[in-house]
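Here are my notes on the model you sent.

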Amino acid sequence: MTQPIEDYALIGDLMTSGLVGRDGSIDWLCLPRFDSAACFAALLGEKDNGHWRIAPEGAADGERCTRRAYIDGSLVLESLWETEDGTIKVVDFMPQRDTAPDVMRIVECLSGEVTVRSTLRLRFDYGHVVPWVRRSAGDRVAVAGPDSIWFRSEPAVRTWGEQNTTLSEFTVSAGDKVAFVLTWHPSHEPRPEQVDPYQALEHALVDWAQWSAQCTYEGPYKEAVTRSLITLKALTYAPTGGIVAAATTSLPEELGGVRNWDYRYCWLRDSTLTLGSLIATGFKDEAREWRRWLLRAVAGDPADLQIMYGIAGERRIPEFDLPWLRGYAESAPVRVGNAAVDQLQLDVYGEVIDSLYLARSTGLAKEAHAWQIQLALLDFLEKNWRRPDEGLWEVRGPRRHFTHSKVMAWVAADRAVRTLEADPSMPGDLERWRTIRDEVHADVCEKAFDPERNTFTQYYGSRELDAATLLIPRVGFLPPDDPRVVGTVDAVREELGRSGLVRRYSTEGPSVDGLPGDEGAFLACSFWLADALHMTGRGKEARQLFEMLLSVRNDVGLLAEEYDPVAGRQLGNFPQAFSHVGLVNTAITMGRGPGVGVGLTD
């Protein structure tokens with residue numbers, strides 16, 4: 001039986017991550033990187049596609065733990081199981097690795113006497129390959145092709161194989177502990193040095209506590225902001241600083257639908273908002289590393305700029321289906337890679353330039369070549385901003401003149417002007433960029449605004465709306481008190497609203513994205529609506545919406561990409577960085593006066 005998306009919690013080691021269900025089963029784990037093939041893929045298929053469950057012996061399939069929570073300020077998960085015979089606690093975490101990734105699960109008996117069972121089904125290559133498992137020095141080692149996984153317990157417990165499954169069973173009394181360790185390494189290399197799980201837990205808690213203590217946010221939403229920042233940190237690939245959009249692929253935007261995409265890559269779209277949230281909350285090291293990743297990724301011919309890259313800046317992200325996986329809740333196809341990488345999205349030029357402007361204006365140490373890259377991007381944008389594109393939402397329909405793309409072209413020119421005004425010694429043609437800025441602004445106001453309805457529309461000449469237009473006051477294109485801004489906020493709220501939240505755009509009738517089916521309310525856009533309400537002087541309504549969004553989080557504070565307010569279900573890939581960035585930025589906005597946002601217009 002498929003667990004709701006919101007039943008999962010995240011564990012990770014800053015290079016990859018896994019999802020642990022409330023039933024004690026790890027149903028998703030990619031090793032050794034976020035974008036590697038999963039060795040547990042039950043999330044997108046059946047239990048036989050790989051999972052690892054630890055629960056009291058006799059617990060029914062799908063039976064949930066009594067309660068669970070992260071240890072404060074960390075990514076260490078504690079799940080409590082209360083049974084007739086006693087109570088156990090299972091601690092799940094991944095220590096920051098030296099060489100090899102480890103998944104550690106520590107069972108502790110708190111009272112009584114409880115028999116516990118571990119059920120381990122390893123299936124490499126996204127649940128497709130059953131490995132050869134053998135004993136070695138009292139432990140188990142599973143090998144198939146390039147992958148090898150060692151499995152051990154401390155102390156050793158009874159373990160045996162049965163129907164391509166590794167089973168362990170043991171009884172613990174009050175005070176007893178048993179630790180399981182799963183370690184991956186390339187199959188052609190020797191076994192990595194073993195890590196003590198109990199010491200690793202102590203180190204993990206200290207590391208996370210020290211990191212969380214850097215947070216400078218002290219407002220009324222401290223717990224939610226801290227959890228969101230921890231989630232963003234967990235989605236960061238430490239060697240490069242790249243932040244993946246989500247930990248998963250193909251969790252559906254509509255149950256049973258085809259809107260299923262791979263989000264285990266880094267989107268330029270997210271750059272400015274992410275950078276702003278990190279800087280505003282005191283995490284300048286992470287902001288600096290994200291900027292460095294950005295500069296490496298976009299280096300080269302501006303015409304070759306992509307909307308997304310791999311976690312190390314890889315350009316090739318070919319998309320293909322995995323037909324042996326039925327999909328989450330029968331939502332097929334399951335996709336790996338993302339064909340949108342080849343799309344033209346002119347807004348990303350504005351996102352990159354705005355990110356680098358924000359970094360410079362908030363005091364991050366200068367990168368010598370950053371301005372030269374921006375000049376090259378600006379030259380390209382000057383020649384190409386009038387072209388239609390696929391837009392922010394990566395539509396798979398025809399190209400159009402999307403309003404948000406044009407607004408972000410204005411942002412690029414505006415930030416160039418601001419930069420040169422602040423430092424006239426920098427190379428660049430100030431008057432030229434003032435002229436381009438004015439041209440783009442006039443073009444948008446003439447062709448993207450519907451005077452009859454007093455709203456900006458999704459693209460030139462359309463009547464459809466787009467929640468991305470809520471960013472118009474935030475980026476400074478128009479002031480928050482401009483009647484056109486107020487009208488746009490009201491129109492988006494009215495026409496795209498769904499039970500108080502907001503969709504990205506309408507999917508009714510002939511959809512602009514060229515895809516069948518529907519999708520849920522988009523959480524990042526709902527945070528943008530709260531920002532826009534606050535900026536236009538409706539602070540009470542903004543706070544009510546924000547607190548509604550906080551109530552959508554699951555029991556451990558995580559958000560997916562979308563939400564179905566009728567069914568009360570989270571939808572889309574999980575956890576979603578864009579949603580958590582929105583939460584952080586809106587919490588900060590709530591503490592500021594009307595008309596003031598965070599990040600882009602600071």
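1. At what angle do helix α4 and helix α6 pack, and how far apart are their axes? The angle is about 20°, and the axes of α4 (residues 271–280) and α6 (residues 347–361) lie 8 Å apart. Axes here are lines fitted to C-alpha atoms, for helices over the stretch in contact, with angles from 0 to 180 degrees between N-to-C directions. α4 is therefore roughly parallel to α6, the term for angles under 35 degrees.

2. Some ground rules. This is a predicted model: local features need pLDDT of at least 70, side-chain atom pairs count only at pLDDT 80 or more, and totals for chains, interfaces and linings use all residues. Residues are numbered from 1 along each chain as its sequence is written, and side-chain values use heavy atoms, with hydrogens and water left out. Helices (H or I, at least four residues) and strands (E, at least two) are DSSP runs, numbered from the N terminus.

3. Back to the α4 and α6 contact (heavy atoms within 4.5 Å). From α4 come Ser271, Thr272, Leu275, Gly276 and Ile279. The α6 side includes Glu351, Val352 and Leu358.

4. The axes of α8 and α9 (residues 430–447) come within 9 Å and cross at roughly 155°. So α8 is roughly antiparallel to α9; the cut-off for that is over 145 degrees. Among the α8 residues that meet α9 are Val407, Trp410 and Leu420. The α9 partners include Trp433, Ile436 and Val440.

5. The largest nonpolar core has 195 residues. A nonpolar core is a set of buried Ala, Val, Leu, Ile, Met, Phe, Trp, Tyr and Cys residues joined through side-chain atoms within 4.5 Å; buried means under 20% relative accessible area (1.4 Å probe, protein chains only). Helix α8 (residues 403–422) gives the largest share, 10 residues. Trp52 and Trp528 touch the most other members.

6. A second, separate core has 10 residues, among them Ile106 and Ala179.

7. Strands β10 (residues 132–136) and β11 (residues 139–144) pair antiparallel over five bridges; pairing takes at least two bridges found by DSSP. Ser136 has Asp139 as its bridge partner. The two strands form a hairpin with two residues between them, and Ala137 in the turn has a positive phi of about 55°.

8. An open antiparallel sheet runs β26-β27-β28. Its edge strands are β26 (521–522) and β28 (569–571). Two bridges join β26 to β27 (residues 562–564), and Ala521 partners Tyr563.

Methods
Buried < 20%, exposed > 50% of the residue type's maximum accessible area, 1.4 Å probe, protein only. Parallel < 35°, antiparallel > 145°, perpendicular 65-115°, else oblique.
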